[in-house]
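Thank you all for coming. I would like to take a few minutes to walk through one chain, with the cut-offs stated as we go.

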Amino acid sequence: MFGAIKKAFGAGAKEIKADYSQNKDYLEAVCAASALVAYADGELEESERSKVIRTISQHPTLGKMYQQSAIESAVEVMFKRAKDASGRQQLARELDDIKGRDGSMAEDVYLVALDVAHADGQVEPEEDVVLKKIAARLGVDISKFEF
């Protein structure tokens, strides 16, 4: 009996993983949010780029779903877009692609962006503004993350 339950849960987890990894919207949204935060002050620091790649690669869900090369490629594309207003609007639209799909997916996107904001040791006021916009766009309640 327990074997059947374990098998059912395992199949469900594989289905979720396949659904997320087949769909690059999750990875693109994480990279888009990260790029928006990284460029909040108008410039990109190497510590922020490194933090994005490292955080996504080591994330318990994202790191298992996407290959390192896919992560690095998505980061580069999104960071290039963040350099101007039209590109940043495209990044915001990447967030819309996952809105309402899965609460934990939206929370993960926000939390990775928060980690990027902390890459240099503190969250700058400009980064805080962008983080709040990201949370609002995704429908994430930031009061849940008090720790």
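This is a predicted model: local features need pLDDT of at least 70, side-chain atom pairs count only at pLDDT 80 or more; totals for chains, interfaces and linings use all residues.

Residues are numbered from 1 along each chain as its sequence is written, and side-chain values use heavy atoms, with hydrogens and water left out.

The chain has 8 helices and 0 strands, where helices (H or I, at least four residues) and strands (E, at least two) are DSSP runs numbered from the N terminus. Of its 147 residues, 37% count as buried, and here buried means under 20% relative accessible area, exposed means over 50%, and partly exposed is in between, with a 1.4 Å probe and protein chains only.

The largest nonpolar core has 42 residues, and those with the most contacts inside it are Ile56, Val109 and Ile134; such a core is a set of buried Ala, Val, Leu, Ile, Met, Phe, Trp, Tyr and Cys residues joined through side-chain atoms within 4.5 Å. Helix H2 gives the most to this core, with 11 residues.

Now the salt bridges, meaning a side-chain nitrogen of Lys or Arg within 4 Å of a carboxyl oxygen of Asp or Glu: the count comes to 6. In one of them, the side chains of Arg49 and Glu76 meet at 2.8 Å, N to O. Because Arg49 lies in helix H3 and Glu76 in helix H5, this pair ties together parts that are 27 residues apart in sequence. Arg49 is buried, at 19% relative accessible area, whereas Glu76 is partly exposed at 32%. Glu46 joins these two residues in a network of salt bridges.

Another pair is Arg81 and Glu94, at 2.9 Å, N to O, and since Arg81 is in helix H5 and Glu94 in helix H6, parts 13 residues apart in sequence are tied together. Here Arg81 is partly exposed at 26%, while Glu94 is buried at 11%.

Finally, Asp41, Glu43, Asp120 and Glu126 form a negative surface patch, for which the residues must have over 30% relative accessible area and no salt bridge, with like charges joined within 9 Å. Asp41 sits in the loop between helix H2 (25-38) and helix H3 (46-58), and its relative accessible area is 31%, which is partly exposed.

Terms used:
Patches are made of residues with over 30% relative accessible area and no salt bridge: like charges are joined within 9 Å, nonpolar side chains (Val, Leu, Ile, Met, Phe, Trp, Tyr) within 5 Å. Accessible areas come from the Shrake-Rupley method with a 1.4 Å probe; for residues, only the protein chains shown count as cover. Lys and Arg count as positive and Asp and Glu as negative; His and the chain ends are not counted. The place of a charge is taken as NZ of Lys, CZ of Arg, CG of Asp or CD of Glu.
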